[in-house]
Amino acid sequence: MVDNSLELLLKNLPLLLDGLISTLTIALASVILGLLLGCVVGIAHLSRSSAVRTAAKIYLEAFRIIPVIVWLFVAFFAIPIAFNLTISGETAAILILSLWGGAEMSDLVRGALTSIPVAQFEAGRALGLSEIQLYRQIIIPQAIRRLLPGAVNLITRMIKTTSLVVLVGVVDVVKRAQQIIERTHEALPLYAFLFVLFFILCYPLSLLSRWLERKWPT
Amino acid sequence: MKIQRQNFFLPTLALFGALALLTYLGCTKKTADSLSSIRARGELVIGVFGDKPPFGYIDQAGRNVGFDVALARELGRALLGDEKKVKFVTLEAANRVAFLQANKVDIILANFTNTPERAQVVDFAEPYMRAALGVIVPNDSPLKTLADLKGHTLVVDKGTTAESYFVKNYPDIELLRFDQNTEAFQALKDRRGAALSHDNMLLFAWNNGNPGFRLIESNLGNADVIAPAVKKGNTELLQWTNEQIVRLRKEGFFRRAYESELRPHFGSSIKDPSTVLVEPST
Amino acid sequence: MVFDLSFLTRHLPDFERALLLTVGLGVAAIVGSLVVGLLGNAFRNLPLPGARLAVRSYVELARNTPLLVQLFFLYFGLPSLGIHWSGLTCAILGLTFLGGSYMIESIRAGLDAVKKEQIEAGLSLGLSRFQLVRHVILPQALATALPGVAANCIFLLKETSIVGIIAVPDLMHLTLGLIGLYYKTYESLLLLTLAYLLMILPASWALARLERRLRYGRQFA
């Protein structure tokens, strides 16, 4: 049985790879946009202006409360219907994944920044460092260390969540697998393949996150 | 402690603005899609099934094939001169209307049955096929008639006429609803339901490849027709599609497509194509 | 944008039913995951060779694969091995499999946070193992672990939104079905969003209160 399954997978590899490229493109675009957005909004969480803080909080809570899949359908159907637009599955996917990733990242960034003791700021200023020097040499390196394990963890979660885009019609690796199942009726090897595939994509990141946590214990 | 930063309002706004801009660029505003805008775009976007052989499915090379797909390619050839200028978007039964409402496709050629409820939200063109419902059970099933289904689970595909038929007329029969065609048939094979209901022709075709089953109903519901659908209000495209269907009927296209795409799958269940196709009214 | 209010009111009972099922599923998943989390940590700390490795392997396997794939595998893949679990069973199993790994990690973080000195002090005071766990380790571990555990609970409640893909009649499954039958796309999505607000907001708020209460005590530790 295993031989047949491997043969099946090999025969259909081009199709699966085609889907995988789609998956990885969406994941990469969303991760980059999301992490950038998250950094900016993370700092906005600590702004002096309560309007900015509230806006950031509403954004964070919106994605904390409503599941990503619901947002995907809102972006894919409700918004185009309401505003008479055309949004492709890929665009909706990247949009929502970036926004969701950004929300989660902003919380990590805020946590990282607030966990740095006040003493660091005071000491830096007492030593006569300018604000820019203070942030570049003292605050940001420490913030990054506290941030990185969680951020790597978030990237893993974003890659996993990319599997949802099949539900809004994106022909990603999951969809390609389903098309092959339709033709060959071999559900078990193909879903097993997807299982292993995502594990291969995410496990190295998980190891990295653990290694970082050990290297920079808080 | 709080980092006091006031001046991140603008960068935040800027980033959100950038995201909005990116999304805007990723979208296109759709006006009532005239033929000229489709020609300008250079491709005709058609929604088809990707998992409903022999009407719309994916072959070994990942290409869209099937009866509906053949019609789609012909329409592309007629409008843009090249059948390769058709962009296929695979969809599910449940989101066919939503895809039209949300401007994702120009035409739906996905075994779309013309019903009064649907006609309220989309515009149907001239029909090209007849449809009725059927119910299929495993060969060793004790069920013989529709009445026997009471107390059993019926598998349906979400958004099909089969689903709405049973929701309306037999609310006591428990339904197991799936998003995709493949999943519904897999569930039947896995014995998750006692029976499955779908378009009769689809069941004939599937039964041909899966002999362990038999139909207990093959002409249920209204004698409906299957037609292309466009977004409501898209009169220019609708008119053009009507003209094409009428022309193709006269030219015998549907007969030819039946022979190449459907007959190999129907086996002995359907003898006369005219029971399936909508013939030209001469 | 014209809203069809009658549609909303007509299908409110459907949404109620789906909401109850979703909540029930979520609670079952949370309980299952907590049990796995506690057992996993207990097993991990046993003086058995390979216990840590076994738990670690499970955690990594569950954490690095998407729930969507896990559910498809359980529901559509296993039947070819003769295993025919119902949609609901697969949903609970899948959610527990995934949630359990998250809980193991959160509880482990809590346990690791208890300082060695506390355990040594407790032992030197003559506390039995059981008393040690109950009065020294668990209270402190719980306080540290709670934010993580709370986040996992909310996460599991939200992850239930995926189980519709194996025909479990949850909120998402209902909404897509309604869109397929009645074509009221954004009315349906609006109800869906409201239903999740109704479900998650109170849960999130209640857990935040619980966190604050536990933290209050620790301020004076």
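## A helix pair in chain B

Helix α3 (residues 67–80) and helix α10 (residues 253–266) of chain B pack with their axes 9 Å apart, at an angle of about 140°. Helices (H or I, at least four residues) and strands (E, at least two) are DSSP runs, numbered from the N terminus. Axes are lines fitted to C-alpha atoms, for helices over the stretch in contact, and angles run from 0 to 180 degrees between N-to-C directions. The angle makes α3(B) oblique to α10(B); angles under 35 degrees count as roughly parallel, over 145 as roughly antiparallel, 65 to 115 as roughly perpendicular and the rest as oblique.

On the α3(B) side, B:F67, B:A70, B:L71 and B:E74 take part, and they meet B:F253, B:A257, B:E261 and B:L262 of α10(B). Contact here requires C-beta atoms, placed from the backbone, to lie within 7 Å. By class, six nonpolar and two charged residues form the contact of α3(B) with α10(B), with no polar ones. Ala, Val, Leu, Ile, Met, Phe, Trp, Tyr, Cys and Pro count as nonpolar, Asp, Glu, Lys and Arg as charged, and the others, Gly among them, as polar.

## Basis of the model

The model is predicted: local features need pLDDT of at least 70 and side-chain atom pairs count only at pLDDT 80 or more, while totals for chains, interfaces and linings use all residues. Residues are numbered from 1 along each chain as its sequence is written, and chains are lettered from A and ligands numbered from 1 in the order in which they are written.

## Sheets of chain B

An open sheet of three strands in chain B has the order β3-β4-β5, and its pairing is antiparallel. The edges are held by β3 (51–52) and β5 (64–65) of chain B, each with a single partner strand, so one side of each is left without a neighbour in the sheet. Two strands pair if DSSP finds at least two bridges between them. Two bridges join β3(B) to strand β4 (residues 56–58) of chain B in the antiparallel sense, and B:D51 stands opposite B:Y57 of β4(B).

Another open sheet in chain B has five strands, in the order β11-β10-β12-β9-β13, with mixed pairing. Its edge strands, β11 (174–178) and β13 (213–226) of chain B, each pair on one side only. From one strand to the next, the twist averages 25°. Strand β9 (residues 129–138) of chain B is joined to β13(B) by eight bridges in the antiparallel sense. The bridge partner of B:V137 in β13(B) is B:R214. Across β9, β12 (195–199) and β13 of chain B lies helix α8 (residues 200–209) of chain B, which runs at about 50° to β9(B).

## Domains of chain B

Chain B is assigned a domain 1 (35–128 + 227–269) and a domain 2 (132–223), with bounds that come from an automatic or database domain assignment. Taken over C-alpha atoms, the centres of domain 1 and domain 2 of chain B are 25 Å apart.

Where domain 1 of chain B touches domain 2 of chain B, 17 residues of domain 1 are in contact with 14 residues of domain 2. On the domain 1 side, β3 and α10 of chain B each supply at least two residues. The residues on that side of domain 1 of chain B divide into six nonpolar, seven polar and four charged.

Chain C has nine helices and zero strands. Its C-alpha trace spans about 70 × 50 × 20 Å along the principal axes. In this chain, helix α3 (residues 51–63) and helix α5 (residues 87–112) pack at an angle of about 125°, with their axes 8 Å apart; α3(C) and α5(C) are therefore oblique to each other. The crossing of α3(C) past α5(C) is left-handed. From α3(C), C:V55, C:Y58, C:V59, C:A62 and C:R63 meet C:F97, C:L98, C:G100, C:S101, C:I104 and C:E105 of α5(C). The contact of α3(C) with α5(C) comprises seven nonpolar, two polar and two charged residues.

The contact between chains C and B takes twelve residues from chain C and 19 residues from chain B. Helix α8 (residues 171–182) of chain C gives the most to the chain C side, with five residues. The side of chain C that touches chain B has eight nonpolar and four polar residues, and no charged ones.

## Chain A

Chain A contains nine helices and one strand. From the N terminus on, its elements run α-α-α-α-β-α-α-α-α-α. The C-alpha trace of chain A spans about 70 × 45 × 25 Å along its principal axes.

Notes. Contact = placed C-beta atoms within 7 Å. Left-handed = near helix turned anticlockwise from the far one by under 90°.
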